Structure formats: C-alpha cells, structure tokens
Amino acid sequence: MKFEICGPFEIPRGNKGVITDVKQFWKELAEEWGEGLVKAHGAYVFAIKSARGTKPWYVGKAGKTFKQEALNAENIKKYNGKLDTVTRGKPWLFLLPELNDGGGFSRKTESAHTKALELMLIERALAANPNLLNSSNTKLLREIEVFGFINSRKPGKPSEAVQEFKKCFS
C-alpha cells in the first residue's frame, strides 16, 4: 500500500477565470506522464496556489481512474465555485496514485488503502484549511475538540500537559 505524490499540475483557466479545457489537461498529462497515471486510481487534492502559499480546498479519491473522477462535472462545479472568489490564484491538482508491487501505477479498482489515505488527507487538509470544500467524512473531524490540540477554541495558554502531549506529535 504505497502511494506516490505526482504534481502539482496546474489546471487551465479560461477567460472568466474558471476551469475550462479538461480534455486538453488530461491529454497533456498523459503525454508527459503516460497513460498509466491518467488511468490509475488513488487520492487527489485540489489546491490553490497564491502569493501567500498553497492551500488545499478539496480531497477526493478516484476508485476508477483519475481521469474519470478528479475533474468530473460535479468536482469542476465545486472548484469553479471556489475559483469565482479567487482572482490571482492558480488551481493545482496533486495526484497520489496507488503503486503496484512492481512500483508502477496500480490499475485495479479502489482499495481500502485509498479510502484510508483519503481520510488521512482530509484530516490534514482541515488542519491547514478549516474552510475545506469537503462535506463527506468531515463532520466528526470538524466537531471533535481536544483542548489545546485539535480544533481548540479554548482561550488562554495551554496547560503543561497539553504542551507535553503536543511534543509527542511533533
């Protein structure tokens, strides 16, 4: 259950600033990386790169192929909704294909590993961006609060216990 990080791949924007030519995007990606990546399955992250850094906005999993799922009509609608509010940012797509035993891109259908990776990435993305566009698999992650550690809204200086606990995770 190994995954590779591929990208970032800039998604082209049209005159109105929204994502347009998805077919051309996949064609160019296949020419550069080979059909194996385009037809692989795994997790993906839609992010926006701006002068202030790169921020994740959506995490998904491709149980079939990246080409079929990462930039499907429903996702394009989500991404364009966010891009309507961004004038200078660049939409990026990171692909995390599952690798087969030989180190190549796996072409099998979605695995339990992909689902687990998606949840792990959602947790990390929420920590980096509380306004993540994901709604599935985020309710508990948004509601759980561990004072001084996760989603903490408790004011004041963290206790000594919290400080020591945080050290375990750094």
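Start by selecting Thr138, which touches Ile122 and Leu126 (contact means heavy atoms within 4.5 Å), leaving aside residues up to four places away in sequence. Before you go on, know that this is a predicted model, where local features need pLDDT of at least 70 and side-chain atom pairs count only at pLDDT 80 or more, while totals for chains, interfaces and linings use all residues. Residues are numbered from 1 along each chain as its sequence is written, and side-chain values use heavy atoms, with hydrogens and water left out.

Stay on Thr138: you'll find this residue in the loop between α5 (112-128) and α6. Helices (H or I, at least four residues) and strands (E, at least two) are DSSP runs, numbered from the N terminus. Is Thr138 buried or exposed? Thr138 is buried, with a relative accessible area of 2%. Buried means under 20% relative accessible area, exposed over 50%, and partly exposed in between (1.4 Å probe, protein chains only).

The C-alpha atoms of Cys6 and Thr138 are separated by 25 Å, and the two residues are 132 apart along the chain. Cys6 is buried too, at 0% relative accessibility, but jump to Cys168 and you have an exposed residue, at 61%. How many disulfides does a search of the whole structure find? Zero, taking a disulfide as a pair of cysteine sulfur atoms within 2.5 Å.

Next stop: the rings. The structure holds nine aromatic pairs. Rings of Phe, Tyr and Trp (its six-membered ring) pair if their centres lie within 6.5 Å; planes under 30 degrees apart count as stacked, over 60 as edge-to-face and the rest as tilted. Phe46 sits in strand β3 (residues 42-50) and Tyr79 in helix α4 (residues 73-83), so the pair ties together parts that are 33 residues apart in sequence. Both Phe46 and Tyr79 are buried. Then select Phe165 and Phe169: their ring centres are 5.0 Å apart and their planes at 55°, so this pair is tilted. Phe165 is partly exposed, at 38%, and Phe169 is exposed, at 57%.

Last, head back to helix α6 (residues 139-143), where Leu140 lies. Leu140 is exposed, with a relative accessible area of 61%.
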